[in-house]
Amino acid sequence: MTMNNRSLGTTGPQVSALGLGCMGMSALYGEADRTESVATVHAALEAGVTLLDTGDFYAMGHNEMLIGEALRTAPAARREQALVSVKFGALRDPDGNWSGYDGRPAAVKNFAAYSLQRLGVDHIDVYRIARVDPDVPIEETVGAIAELVEKGYVRHIGLSEAGAETIRRAAATAPISDLQIEYSLISRGIEDRILPTTRELGIGITAYGVLSRGLISGHFSRERQLAATDFRAHSPRFQGENLQHNLNLVEALRKIAEGKGVTVAQIAIAWVLSRGEDIVPLVGARTRERLSEALGALDVTLDEADLSAIEEAVPADAAAGERYPESQMAHLDSER
């Protein structure tokens, strides 16, 4: 395994070639084991992973507290190498329902105060609103984070699921390190306008959903039963004929992976890595076993013949179904 560093844009920090997305350790993908989750964070740090991604609304603070525990119990040297990225702004009620986003400056600072406490840190390395608040100009939201940077509570400003014009407005307000956005073999919408914009402005990409929530991991089957609390039970890509169509794509990809002696997950992650040095894939491993598999992607080299074969097996726009339910798609500035 070769863990080379990549840069989160021209203004962001150097981070490991892969980051660890920790959401699934707390919410949206069924039950998770806390002890195994902490052990997985420790194993990631030991392997050289530096970027840990969370959100203050993941199980209403549970995920931040879990990461805080993992950092407190990690060896000092590993704890010091960790860079924590936090998303904020999603509003939820005690039943777990979603009720919009809040990007007002006062709310930004309020969210940050609670995150610092739950994480047990004196600063957040990258701070970003999870979805652009349509009722608050992005300049005001980013400006509030910039004030937190000035006071030392935040190191770098990020964005999440923002469209090209919003990215430009944000970058004109303060330096933006990176855009976190879904990007995978079957989610390639950023390639037309968003990726050219971030590259023009020197903004990095942290790509989430690189295995499309397990759909293209090679481990998902049509027979799998999902709990009602599992996000995928309501995701269009996991429903009916859409699911069968998408699993057929996975089988086509599996043939290529087997020809190279690697797993489907590894070749899917390697494809994202091949898209450019400005892209850092976030892997959502919840166990040390899945983490080990994901890290194996770092040793997969894709030549032009491999990339052509992958493109033929899984063309752009080949997936059936939107990446979120219709009600959630409406909140994505990146889709407008």
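Modeller: This is a predicted model. Beyond its neighbours within four places in sequence, Arg 6 contacts Pro 13, Gln 14, Val 15, Ser 16, Ala 17, Leu 273, Gly 276, Glu 277, Ile 279 and Val 280. Arg 6 itself belongs to strand β1, residues 5–7.

Biologist: Is Arg 6 buried or exposed?

Modeller: Buried means under 20% relative accessible area. Arg 6 has 8% relative accessibility and therefore counts as buried.

Biologist: Which backbone oxygens does the side chain of Arg 6 reach?

Modeller: One belongs to Leu 273, at 3.1 Å. Another is that of Ile 279, 2.7 Å from a polar atom of the Arg 6 side chain.

Biologist: How should I read the nonpolar residues?

Modeller: In soluble globular proteins, nonpolar side chains tend to be buried together. Here the largest nonpolar core has 95 residues, and Leu 20, Tyr 127, Leu 159 and Ile 269 have the most contacts inside it. Helix α9 (residues 264–273) supplies the largest share of this core, nine residues. Apart from it lies another core of eleven residues, including Val 15 and Val 280.

Biologist: And how are the strands arranged?

Modeller: Strands of a sheet pair through backbone hydrogen bonds, either parallel or antiparallel. In this model, eight strands form a closed barrel with parallel pairing, in the order β3-β4-β5-β8-β9-β10-β11-β12. On average, neighbouring strands of this sheet are turned by 30° against each other, direction ignored. For example, β5 (residues 83–88) and β8 (residues 124–129) pair over four bridges, and Ser 85 stands opposite Val 126 in β8.

Methods. Residues are numbered from 1 along each chain as its sequence is written. This is a predicted model: local features need pLDDT of at least 70, side-chain atom pairs count only at pLDDT 80 or more; totals for chains, interfaces and linings use all residues. Side-chain values use heavy atoms; hydrogens and water are left out. Helices (H or I, at least four residues) and strands (E, at least two) are DSSP runs, numbered from the N terminus. Buried means under 20% relative accessible area, exposed over 50%, partly exposed in between (1.4 Å probe, protein chains only). A polar contact is a pair of N or O atoms within 3.5 Å; within protein, one must be able to donate a hydrogen and the other to accept it, and residues adjacent in sequence count only if both atoms are side-chain atoms. Contact means heavy atoms within 4.5 Å. A nonpolar core is a set of buried Ala, Val, Leu, Ile, Met, Phe, Trp, Tyr and Cys residues joined through side-chain atoms within 4.5 Å. Two strands pair if DSSP finds at least two bridges between them. Axes are lines fitted to C-alpha atoms, for helices over the stretch in contact, and angles run from 0 to 180 degrees between N-to-C directions.
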